[in-house]
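Okay, thanks for making time, everyone. I'd like to walk you through one model today, so let me put it on the screen.

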Amino acid sequence: MPTQIQDYRSPKVTVIGAGNVGGMLAQRIAKENLADVVLYDVVEGKPQGIALDLLQAHAISNHDRKISGTNDYSDTKDSDVIVVTAGLPRKEGMSRNDLLKINAGIVQDVVKNAIALSPHAILLIVTNPLDVMTYLAWQVSGLPPHRVVGMAGVLDAARFQTFIAMELKTSSADIYTTVLGGHGDLMLPLPRLSTVNGVPITQLLSEDAIARLVERTRNGGAEIVKLLKNGSAYFAPSAATYKMVESIISDRHRIFPAAAYLSGEYGLKNIFIGVPIQLGRQGVEKVIELQLTDQEIATLHASAASIQENINLLG
């Protein structure tokens, strides 16, 4: 008897928001042949135009992934991962928290509509202020907390990694960094747990140099906004988001920092904040609890208090 071939459904990722981050992310997912992509935006014609442009790159990129653009949520049905990038981008002089109420309304609307059609999806939030929007998305979606995660730590760690490489004039490929806390001014880069091919940077750089790089990391996004004058970062954020999507779709169980729900870890409860996690097809598989010093715990709790204050502002 002939062998029966089971129906195969290609993984599907919906990217909500066809701005620079969303468009670059769609391009990365398709080019790496990871999944089919649906690009959603409220602006008529914009996601369709970007999708058509990406489709025309098929022969050059050597992939056959389906890419579609839409203004209709029904096209996002049965997504495996929903990435929310939609929202007002930060402008010069504007903090992430200035975006709070505007982007809260956007995130509530898109999450409610998208998750209704893809109730089994993993929800990945990129919209700022990141930690607050991730908490809000969890509340609106009704999903268990392990299926909601925020992209921040991967980006912040990459920025710290880059600045260390620039300072030491060495390859960033040999550098591994750890950054905890909220995606903002109170984030917590951990120099003692950041290494160059296994050597802690505390043995390679002076305290003053490390303090300068930590501060630059905390202001990494604002520095780019100031230089661009009209816009914000998107190459690094889209690359960081892709790294998380790839770990989910390919079930790689990778460990990196991200905004995850805490239920007592680090002495914190009922909050999403940047901590090391293991991420796979089911979402956040575990939160990894590091042994922190008293000062590091105090800084992490101060970051959490700032996030909670903004959550409270939403009512």
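Let's begin at Asn128, which is found in the loop between strand S5 (122-125) and H5; helices (H or I, at least four residues) and strands (E, at least two) are DSSP runs, numbered from the N terminus. The UniProt annotation "binding site", from an unreviewed entry, covers Asn128 together with Arg90, Arg96 and Arg159. Those UniProt positions are in the numbering used here, the feature names are shortened, and annotations may be inferred rather than shown by experiment.

Quick housekeeping. This is a predicted model, where local features need pLDDT of at least 70 and side-chain atom pairs count only at pLDDT 80 or more, while totals for chains, interfaces and linings use all residues. Residues are numbered from 1 along each chain as its sequence is written, and side-chain values use heavy atoms, with hydrogens and water left out.

Now, helix H10, residues 294-313. H10 has 20 residues and reaches 29 Å from first C-alpha to last, close to the 28 Å expected at 1.5 Å a residue, the expected span being 1.5 Å times one less than the number of residues. Which residues of H10 are buried? They are Glu296, Thr299, Leu300, Ser303, Ala304, Ile307, Asn310 and Ile311. Buried means under 20% relative accessible area, exposed over 50%, partly exposed in between (1.4 Å probe, protein chains only). Down the axis of H10, the buried residues fall within an arc of 135°, so they line one face of the helix; the arc is that of the directions from the helix axis to the C-beta atoms. Turned away from that side are the exposed Asp294, Gln295, Glu309 and Asn312. Just after H10, Gly315 has a positive phi of about 80°.

Next up, H9, residues 235-249. Here 11 of the 15 residues are buried, so H9 is largely enclosed by the rest of the structure. Met244 is one of the buried ones. Leaving aside neighbours within four places in sequence, Met244 is in contact (heavy atoms within 4.5 Å) with residues including Leu124, Val149, Phe256 and Leu279. After H9 comes Asp251, with a positive phi near 50°.

Last stop: S13 (269-280) is among the elements covering the buried residues of H10. S13 and S14 (residues 283-287) pair in the antiparallel sense over 4 bridges; pairing takes at least two DSSP bridges. They form a hairpin with 2 residues between them, and Gly280 stands opposite Gly283 in S14.
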